[in-house]
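Subject: the two-chain model

Hi,

Here is the structure I promised to pass on.

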Amino acid sequence: MINRILALLIRYKNISFGSFPRLLSIFYWPTVQILFWGYFTNFFMSNESFGIWSALNIILSAVVLWDVLFRGQLGLTMSFFEELWSRNLPNLFITPLKDIEMVYGLILISLLRTLIGITPAVFFANYFFDFHLFELGLYLIFLFLNLIIFGWSIGFIVSGLVLRYGQAFEELAWAIIFIILPFSCVYYPLDSLPNIVQDIALFLPTVHIFETMRLILIENKIVLHNVLIIIFLNLLYLILSILFFLRMIFVARKRGLLFNQGE
Amino acid sequence: MPKTSIRTKNLSKTYDNKTVVSNVSINLPYGGIFGVLGKNGAGKTTFLAMLMGLITPSEGEIFIFDKSLKLYKYEILKNINFQSPYVDLPKKITVMQNLIFYARLYDVKNTKKKIFELSEDLFIKDFLDNTYGTLSSGQKTRVNLCKALLNDPKLLLLDEPTASLDVSTSEFIRKYIRNFQKKNNSTILITSHNLEEIEKLCSHIILLEKGKIKFDGKKNELFKQNKSSSLKDIFLKDDK
């Protein structure tokens with residue numbers, strides 16, 4: 001009996017610790033949780049002047065917008081993974097479909113999935129909590145688009161990594177968004193983070209997006225400088241991520257990986 | 001009509017210093033059924049994948065219908081298709097949805113008419129609305145063959161088309177392939193471990209051994225050269 005239990009233990013250990021992304025997801029989660037709730041609590045403790053409804057409105061807006069990023073990334077990666085899981089890549093890549101056309105297709109399906117996923121959530125929040133995401137006005141479209149674009153950038157990187165390095169990297173599809181969550185200042189402002197972390201976080205468009213969201217909701221104003229940074233970072237990351245994804249398809253062809261992918 | 005269907009010049013593929021296909025040069029005329037034979041690891045699938053642009057060769061050139069695959073890839077791919085039991089279609093959507101998707105990718109005109117015609121010929125009409133994942137191996141093979149014929153390919157590549165199928169389904173597939181070739185005067189390249197199948201279908205055989213061409217010519221010449229009357233004998237002799 002001991003031998004059989006030991007066999008199971010070794011087997012599960014090999015599966016769980018067998019790849020870096022899986023290992024990362026095991027030890028990263030507790031740290032992320034502590035960091036996130038720590039910064040979150042600090043911010044609201046030091047801003048007691050906030051009315052409960054204002055605070056709730058900010059939190060719900062952040063939850064919905066964060067979900068745009070999550071759905072955007074997941075919509076793209078899951079659509080691509082479906083092809084991998086069903087061992088369909090060779091069928092796909094022997095058609096006249098061009099690699100860049102695949103990029104467009106993934107972007108469009110991600111947009112569709114995100115809209116379908118987010119719309120009911122917004123209406124439920126509106127109905128039950130008197131939540132007014134639309135107070136963000138036309139800026140809502142700007143924030144939505146930029147979050148989904150950043151989601152696509154992450155999606156292309158993850159898809160490229162899975163294509164090149166195999167299914168061990170699939171774990172990243174779920175984890176990567178939460179890896180950047182504490183540094184994205186979704187529920188608290190940038191100055192809640194330690195100085196050194198702030199310098200790194202500034203490279204994330206999400207930081208500027210959520211700072212902009214809070215400025216609109218609390219002070220009803222927008223800073224042009226922030227808007228320009230958001231657009232610049234997002235375009236830069238989107239272009240780089242698409243180039244990375246296309247490069248990984250090229251490498252997969254060179255290494256014969258398109259034939260060997262699947263469940 | 002192009003003079004050749006497939007022409008390769010010193011085609012090689014190497015992975016991390018391991019050569020899988022080495023210096024393969026072939027010249028297949030347009031029209032006919034050709035067999036690629038070889039033991040496991042001989043390089044058959046890699047060779048086929050290179051012909052479809054799925055694997056980039058380390059060295060050498062490929063010409064399909066007299067045109068360089070490197071330069072005219074997407075134009076050539078419109079006229080090629082492929083079927084393998086190791087390549088599937090998405091399991092969660094219906095057979096019809098899968099076929100419509102591929103018909104669109106190949107720009108097939110009168111999509112539904114084409115699918116209905118093929119599905120009738122291949123006896124898959126009854127489960128067009130079933131999800132692909134619920135089908136048996138035999139049904140999946142016929143659906144995959146239907147996918148492979150949607151664009152009336154001038155070059156059809158079949159990787160072990162009857163692997164793990166029962167005798168009657170295998171015979172049906174073989175008959176269908178033969179008729180399709182005759183009707184369309186297309187070129188069909190088959191890899192198979194089923195030596196009898198290759199013997200029945202192909203007039204021309206390419207024998208690969210450790211990535212190199214061991215024989216490339218008419219089936220009868222191969223028999224003559226080896227003083228044998230069947231491929232099975234040749235392979236068994238080789239093992240001794």
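First, some housekeeping. This is a predicted model, so local features need pLDDT of at least 70 and side-chain atom pairs count only at pLDDT 80 or more, while totals for chains, interfaces and linings use all residues. Residues are numbered from 1 along each chain as its sequence is written, and chains are lettered from A and ligands numbered from 1 in the order in which they are written.

**Chain A**

Chain A has ten helices and zero strands (helices are DSSP runs of H or I, at least four residues; strands are runs of E, at least two; both are numbered from the N terminus). Its C-alpha trace spans about 60 × 55 × 40 Å along the principal axes. Of the 263 residues in chain A, 34% are buried. Here "buried" means that 20 or more other C-beta atoms lie within 10 Å of a residue's own, "exposed" means 12 or fewer, and "partly exposed" is in between, with C-beta atoms placed from the backbone.

Two residues are in contact if their C-beta atoms, placed from the backbone, lie within 7 Å. By that rule, 77% of the contacts in chain A with a separation of 6 or more are between residues 24 or more positions apart.

The axes of α9(A) and α10(A) come within 9 Å and cross at roughly 150°, which makes α9(A) roughly antiparallel to α10(A). For the record, axes are lines fitted to C-alpha atoms, for helices over the stretch in contact, and angles run from 0 to 180 degrees between N-to-C directions. Angles under 35 degrees count as roughly parallel, over 145 as roughly antiparallel, 65 to 115 as roughly perpendicular and the rest as oblique. The α9(A)/α10(A) crossing is left-handed (the near helix is turned anticlockwise from the far one by less than a right angle; clockwise would be right-handed).

On the α9(A) side, the residues that meet α10(A) include A:Ile209 and A:Thr212, and their partners in α10(A) include A:Ile230 and A:Leu233. The residues of this contact divide into six nonpolar, four polar and one charged. In that count, Ala, Val, Leu, Ile, Met, Phe, Trp, Tyr, Cys and Pro are nonpolar, Asp, Glu, Lys and Arg are charged, and the others, Gly among them, are polar.

A:Leu9 is exposed, because it has 10 other C-beta atoms within 10 Å.

**Where the chains meet**

The contact takes 22 residues from chain B and 18 residues from chain A. On chain B's side, α1 (44-51), α2 (73-77), β6 (80-83) and α3 (95-105) each supply at least two residues. The largest share of that side, three residues, comes from α1(B). By class, the side of chain B that touches chain A has 15 nonpolar, four polar and three charged residues.

**Chain B**

α1(B) is mostly covered, with eight of its eight residues buried; B:Lys44 is one of them. Just after α1(B), B:Gly53 takes a positive phi of about 80°.

Leaving aside neighbours within four places in sequence, B:Ile64 is in contact with B:Ile6, B:Leu69, B:Ile76, B:Ile80 and B:Leu155.

The axes of α3(B) and α4(B) (residues 111-121) come within 10 Å and cross at roughly 125°, which makes α3(B) oblique to α4(B). This crossing is right-handed. B:Met96, B:Leu99, B:Ile100 and B:Ala103 in α3(B) meet B:Thr111, B:Lys114 and B:Ile115 in α4(B). B:Ala103 is buried, because it has 20 other C-beta atoms within 10 Å. Setting aside neighbours within four places in sequence, its contacts also include B:Val108 and B:Leu150.

Cheers
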